[in-house]
Amino acid sequence: MVNNCTVNAVSQVEAEIKSAANAAGFDLCGIAPVGANPELAYFPEWIAAGHGGEMRYLQSRTEAGELKRSSLQLAAPWARSVVVCAINYNSDQPNSTECTDKSRGWISRYAWAKQDYHDVLLARLRRVEQSIAGIAEEENFRSWCYVDTGPIVERVLAKYAGVGWQGKNTCIINQELGSWLFLGVILTSVALTPDLPTADRCGSCTRCLDACPTDAFVGPYKLDASRCISYLTIEKRGSIPEELRAGMRNHLFGCDICQDVCPWNRKAPVSQAQEFEARPELVNPALSWLAEMSNEDFRATFKGSPVKRTKYSGLRRNVAIAMGNSGDENFIPQLETLSADEDENIAEHARWALEKLKGAGVVTS
């Protein structure tokens, strides 16, 4: 495991903070400035273009009507520095691009563990936060910890903290660890010397852009989240646009394709964090098993898991789409049951899948 928590330390204070991050179990740690970041200038335009889909929380605004995520100074005017921590969650299991059995679905790599990464990272961040408070010895010390929950764009801060560069798929990529990284940030009132931003090493490669089956990338570094499989399977409520269903393939929760094909992940090390060990039953799970799952089974199986965010209805909707995309007529009996479900959202997608399978007339058993 590579650890740069003490790299580029320019003073004893910064070195102690990075040492605390190391002790808390983070693989990477850097310090970002709170000044304007050029990437955030595009955020209002991105929102206005509808690329945020139905994720209303991205549109959180100040009393003056300004988007909080367009500037860290709007979200936290008291912050003087940002400590960005990252931890590798890669598993020794196959990539989605290596799994070709169409009777099985795909749950994103980050959701295979028994524990929700939000809880795991937040507990570790709290330890670092306490260390910063002790090191700073400020009378009016203030800080906020965030793991995907604050009005900030973590990946931009990670770039300027030297944790990695923002790839063309918008993920943070570290030269040694790849992109299988969870990010956590600590906004603090302590003035710290920032690290240097990481240079972009994507070069002319466009594999991530070319591999996206729903054409979610408007261009390099520009994602239309409303077309992204992760958004469609997790955040999107109700009916999935029909023109995007085939591109979803067998995905049930999230998508790893743009990371699976990234050359920087070819030699990405396996995480040493026990909390992120994969549950075998969630790696490329059988669609039939999930289709038969009751609401009680769903709650028990995904207790403490990020998968619960898609909700029982959303998972069954996604299962119906994956069955329709499988080309396997053996799923017809289960789809007929789903087509009569009292939840019209599930029933409608099951009817679509049935029509697709019966129209294809293909048996792949």
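Me: What makes Arg109 a charge over the face of Trp180?
Reply: The model is predicted. In it, Arg109 lies 5.2 Å from the ring centre of Trp180, over the ring face. The distance cut-off is 6 Å, so the value of 5.2 Å passes.

Me: Which cluster does Trp180 belong to?
Reply: Ring pairs join Trp180 with Tyr89, Tyr110, Tyr117, Phe182, Phe253 and Phe276. The whole structure has 13 aromatic pairs.

Me: Why is the pair Phe182 and Phe276 called edge-to-face?
Reply: The ring centres of Phe182 and Phe276 are 5.1 Å apart and the planes meet at 65°. Pairing needs centres within 6.5 Å, and edge-to-face needs over 60 degrees. Both hold, so the pair is edge-to-face.

Me: Why does this pair tie together separate parts of the sequence?
Reply: Phe182 is in strand E7, while Phe276 is in the loop between helix H9 and helix H10. These parts are 94 residues apart in sequence, so the pair bridges them.

Me: How do you know whether Phe182 and Phe276 are buried or exposed?
Reply: Buried means under 20% relative accessible area. Phe182 has 5%, so Phe182 is buried. Phe276 has 7%, so Phe276 is buried too.

Me: Why is the pair Phe298 and Phe302 called tilted?
Reply: The centres are 5.3 Å apart and the planes are at 55°. That angle falls between the limits of 30 and 60 degrees, so the label is tilted. Phe298 and Phe302 are both buried.

Me: What does Phe302 contact beyond its sequence neighbours?
Reply: Its partners include Ile107, Leu282 and Leu315.

How values were computed:
Residues are numbered from 1 along each chain as its sequence is written. This is a predicted model: local features need pLDDT of at least 70, side-chain atom pairs count only at pLDDT 80 or more; totals for chains, interfaces and linings use all residues. Side-chain values use heavy atoms; hydrogens and water are left out. Contact means heavy atoms within 4.5 Å. Rings of Phe, Tyr and Trp (its six-membered ring) pair if their centres lie within 6.5 Å; planes under 30 degrees apart count as stacked, over 60 as edge-to-face and the rest as tilted. Helices (H or I, at least four residues) and strands (E, at least two) are DSSP runs, numbered from the N terminus. Buried means under 20% relative accessible area, exposed over 50%, partly exposed in between (1.4 Å probe, protein chains only). A charge sits over a ring if NZ of Lys or CZ of Arg is within 6 Å of the ring centre and within 35 degrees of the ring normal. Lists of a residue's contacts leave out its neighbours within four places in sequence.
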